[in-house]
Amino acid sequence: MSLKERVQRCLGDDVIAITEYRGDLGIEVPKGNIVSVLTRLKEDETLGFDFLTDLFGVDNLDYYAKKKKKPKKKAAGEEELVEEEEDKGPPPPRFEVVYLLQALKTNERLQVKIRVPEDDMEVDTITTIWKAADWPEREAFDMFGFKFRGHHNLRRLLMWDEFEDHPLRKDYPLEGKGEERHLSYD
Amino acid sequence: MEDWIIDLIKVVFIWVWCLLIAVVMTWVERRASAMMQDRLGPNRAGPFGLLQPLADGIKLFTKEEIIPEKAKSILYVLGPALFALPAFSAYAVVPFGDKIVLGGKEIILQVADVNIGFLYVLAIGSMGVYGMVVGGWASNNKYSILGGLRATAQLISYEVPLGLALLAVVLLYGTFSLREMVFQQSGTFLGFLPNWGFFKQPLGFILFLVAAYAEASRVPFDLPEAESELVNGYHTEYGGMKLGLYLFGEYVNLGTLSAIIVTIYFGGWQLPYVDMSAFLGPVAYGIASFLVFFLKQAFFLFLFVWVRWTVPRFRYDQLMGLGWKSLIPLCLVNFFITALLVQLTV
Amino acid sequence: MPKPVVKKEYPLTVRVYLIEIIKGLGLTWKHFVKNIRYSFRKGPHTVPTTWQYPEDRRPISPNFRGAHMLMLNDRGQELCVGCGMCARTCPAKCITVKRGKPAEGEEDRYAGKTCCEDFTIDMLRCIFCGFCEEACPKGAIVLGQGHELAEYTMEACIYDKARLLANYEAARAAGTLKPKPKKVPVDAPPPKAAAAKKSAAKAAPAARKAAKDANGAGKEAKSPEGDKK
Amino acid sequence: MDYDPVCQIDRDPDDLVTINIGPTHPAMHGTLRVIAKTDGETIVSAEPEIGYLHRGVEKLGENFTYHQFIPLTDRMNYCSAIASNVAYEMAVEKLMGIKVPPKAQLVRTIMMELARIADHQVLVGILGVDLGALTPFFYLIIQREEIYDIFEWYNGARLTNTFGRIGGVNADLPDKFHEKWPTLRDTIRKANEETDALLTKNRIWLDRSVGVNAFSAEDALNWGFTGPCLRACGVKRDLRRDEPYMFYDQFDFKIPVGKHGDVFDRYMIRMEEMEESVKIIDQAYAMYQEMPEDAPLMAKVPKIIKPPEGECYHAIETPNGELGFWIRSDGSDKPYRIKIRPPCYMVYQAFGELVKGDMISDTIACLSSLNIIAGELDR
């Protein structure tokens, strides 16, 4: 049975969309179910995605803007399914969180995505499943502003603590906004 | 010539000699380590870089003297002096040669032939730790205080095996005087070996050597200043000549310890099988005995350098374990065996 | 989770410390003697692994990516036409080129119809990746062997055209001009059959790549699923 | 000898001393910082702080073209820049569906394995330095210089190589390699043997490394370890074997595996991997020599790289572990989003867990043995 079928069988209705590009399988799942989805993926015997490779956010602001400009452009790859739905409904959520999983036994990889709207940045933490998600979640918070519910130490990781913006968002300029770090000594 | 002038000359001579050893040792350390590591080392100042220590000295003297803002300034200045002074003082009882006859006056080549020279060495040797711990404390730096604490624990712990190893030697020679010990090492042992303490006390020698390394806080026991862990340990905050005193003190310590090893275990100024006084004039004999002593000392100084660039460093708890769990029992065993043998042979 | 406890069981020769330390001392002694012997050799380059820098310089690769230069051709004409490809491809954005027309009567100085009026490289920004050299259609900008680039002021680190040309003159005088790079053979645009044959001929590891390749560049296709062994 | 993990005893936080190890500490590899709470010499808790070398590589990547990003990957793991370069190039090639000519793949393999040797040499040397043995460092670093000579003759840079291009490599193996490799492989081995002789059986070294921050395989996987640190814990996992890319499944090489995941195992694994890399280069070189002189080194790649819309993840086994690139293309000449998965990022987040209950000296040993490279960590 192919990986796609196994994943579909394991998750059932939780799979919103399946994309495949260059052999990389990606599934989109509802935001609220991410913990249960990942737990099921980890514990399912036929899948066994027991290794969290990485976790990160994506800001799709420009992506949609570009899409809107050129609606005629042939949608390639994974966006196809999503796009058709998009045209009718409200604008899709701005952010994505991508989880890269790997099965150590079979060496299969899977991308699990959730979409996060800008006005509701809360995502359940998965540090309860993998400790490896500790820093990546902090980084995603730092860079995009996701609030990982239940994370034990959600502080900024790379930027300094007083920094206010989220630099990897598309509306943050490359050269920064002129923030300076003021150090205080006692 | 009056006695006190002679004594003064001897003191000055030893003082200068110690400094010279320390200065040259800085060069030897750097060049020898470079040679062991396929490098060149300092070779710009003078031929083979021999003037490098001078350049370093000038640099250290002309550097700005900085006392950290929150350091305890009196203790901070006192630390290096406390460290260097005992190192120099310990040399006072080391017989660095036999005797020299000048103007019909017999001069022994030793600053003071005290009959408890052995105890004096031990007592003065353990003073050096004050310099380290005071410097570390006064610097107001966490790394420094850790270095100072490590130094305290290490030096006090290794004082015990050092003393025990020496005690066995005292049993053997039946005297506390270092000069007397050297005299007792003339002749041969078992007919073919030089009558050196080393051959009578091989285990004692190794134990003493290890303890000496720890006392001098050299690799593998350089925990108080472990540069990869504690930045530079107790002298992290020091600079200029204050740092220079610490470094000098360390090398003088090495010189003293080597001298004591030579005196106790390697027959002092005596050559094996050969009696130099038989065919040398009184002045030449004095100089020759000094040179023989120095050569032996130089070998041990080099050994200090050589070992440093070969082995890794201990960890603090392992160091303590080695000292208390291995060295001290072995020292006691060595002590009892020696006592037994001495008792049987006498 | 508690850390695993490791039992330390060493053989006796290891446990007594001294044997292995003495072996180690032997090794360092070997190096010591060897290097002492070397250090009595004549010349600045004594110990083979150390170069006595100002007197004794290590050979520098002809491909070295050092200070830039603007090349002239055999007839002494400037090659640069000021197209600005280098500036565009530079990841550090350190090149500024101003295109210009050669002045009246000076056409001989330039190889092309246009020239660069101004060419500055901010060496403080440059990361010496060599992309400018690769992008240049005329082979006009080349990274030479100059590697002692320290200056006393920041302004001096911004190389203008004269400096770049002077770099070339210096390199030519020293004979360290870069040899013409060998042309990298590029995979021929595969006719369908040839490509298939090739990928079939290729051994197993390429199977996945080949399968992916069959998708063709830029075309969405069903990814092969059975290609995992 | 063993000591009780003191950290399990409840302690008054006021009794603890906070020690800042780094960011400017002689034993810190780059600008790392560990805030350690210590009780005497024992670490009760340690918290690594990163971000001192954060340069926003991912943000820069979104504003660079695909080719312009290659020099940035140099500056991630600067000890083995070539491996990072190749990892990125392979990710873009996967995104575009480019097939790299076999000869270029062999050149990449050879250079990458050389970089792996160089990386491991630095690591073992620095581990020695941090534990007080300076001499092995020099024996190893001399060989690394020879390897860097090959890199320099290859494309003109020693450290930040900017190796390869998307679709292949931009030059053939240099003559320097052909002339040097037969002797170099022996000197590399000799340097390893000398290091081995100085360290591996030395009781002092063993005491400092065996059993120091041992880590269980289960924990290691949970924390996302990859590469030598994971293999030291006893998990036989190597992307070269598990997800073979290039010609790795045709080469005959062993994957060294440790037992306890302690400093000693990490050290030994690196020592053995150097041996294996030498073997791999030998085999790859033999295959390379069978190729015709004018075999292609570059695939046919458009001048301006515009991958079709889509996203993919590709990872290879760099000296530190799995280095992956997740790239989303929106069809333009710049990546829409690049996410780098640096291997030591995942390893370093477990640092507090690793050194808990050990001593200050062990912190240093642990840090060096993990091979944390700040450039890769902070990106």
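Q: Which residues touch the most other members of the largest nonpolar core?
A: This is a predicted model, in which local features need pLDDT of at least 70 and side-chain atom pairs count only at pLDDT 80 or more, while totals for chains, interfaces and linings use all residues. Residues are numbered from 1 along each chain as its sequence is written, chains are lettered from A and ligands numbered from 1 in written order, and side-chain values use heavy atoms, without hydrogens or water. A nonpolar core is a set of buried (under 20% relative accessible area, 1.4 Å probe, protein chains only) Ala, Val, Leu, Ile, Met, Phe, Trp, Tyr and Cys residues joined through side-chain atoms within 4.5 Å. Among the 105 residues of the largest core, those that touch the most other members are Tyr88(D), Met111(D), Leu114(D) and Phe325(D).

Q: Which helix gives the largest share of this core?
A: Helices are DSSP runs of H or I with at least four residues, strands are runs of E with at least two, and both are numbered from the N terminus. The largest share, 13 residues, comes from residues 102-130 of chain D, which form helix H4.

Q: How many residues are in the second, separate core?
A: Val111(B), Ala212(B), Leu254(B) and Ile21(C) are among the members of this second core. The number of residues in this separate core is 97.

Q: What radius of gyration does chain D have?
A: Chain D has 15 helices and six strands. The radius of gyration is taken over C-alpha atoms, and the globule rule is 2.2 Å times the number of residues to the power 0.38. For 379 residues this rule gives 21 Å, and chain D is close to that, so chain D is as compact as a globular protein of that length, with a radius of gyration of 21 Å.

Q: What percentage of the residues of chain D count as buried?
A: The C-alpha trace of chain D spans about 70 × 45 × 35 Å along its principal axes. Of the 379 residues in this chain, the share that counts as buried is 73%.

Q: Is Thr162(D) buried or exposed?
A: Thr162(D) lies in the loop between helix H5 (135-155) and helix H6 (175-199) of chain D, and its phi is near 50°, a positive value in a residue other than glycine. Because its relative accessibility is 1%, Thr162(D) counts as buried.

Q: Where does Arg22(A) lie?
A: Phi of Arg22(A) is near 50°, a positive value in a residue other than glycine, and Arg22(A) is buried, with a relative accessible area of 5%. In chain A, Arg22(A) lies in the loop between strand S1 (17-21) and strand S2 (24-28).

Note on methods:
Buried < 20%, exposed > 50% of the residue type's maximum accessible area, 1.4 Å probe, protein only.
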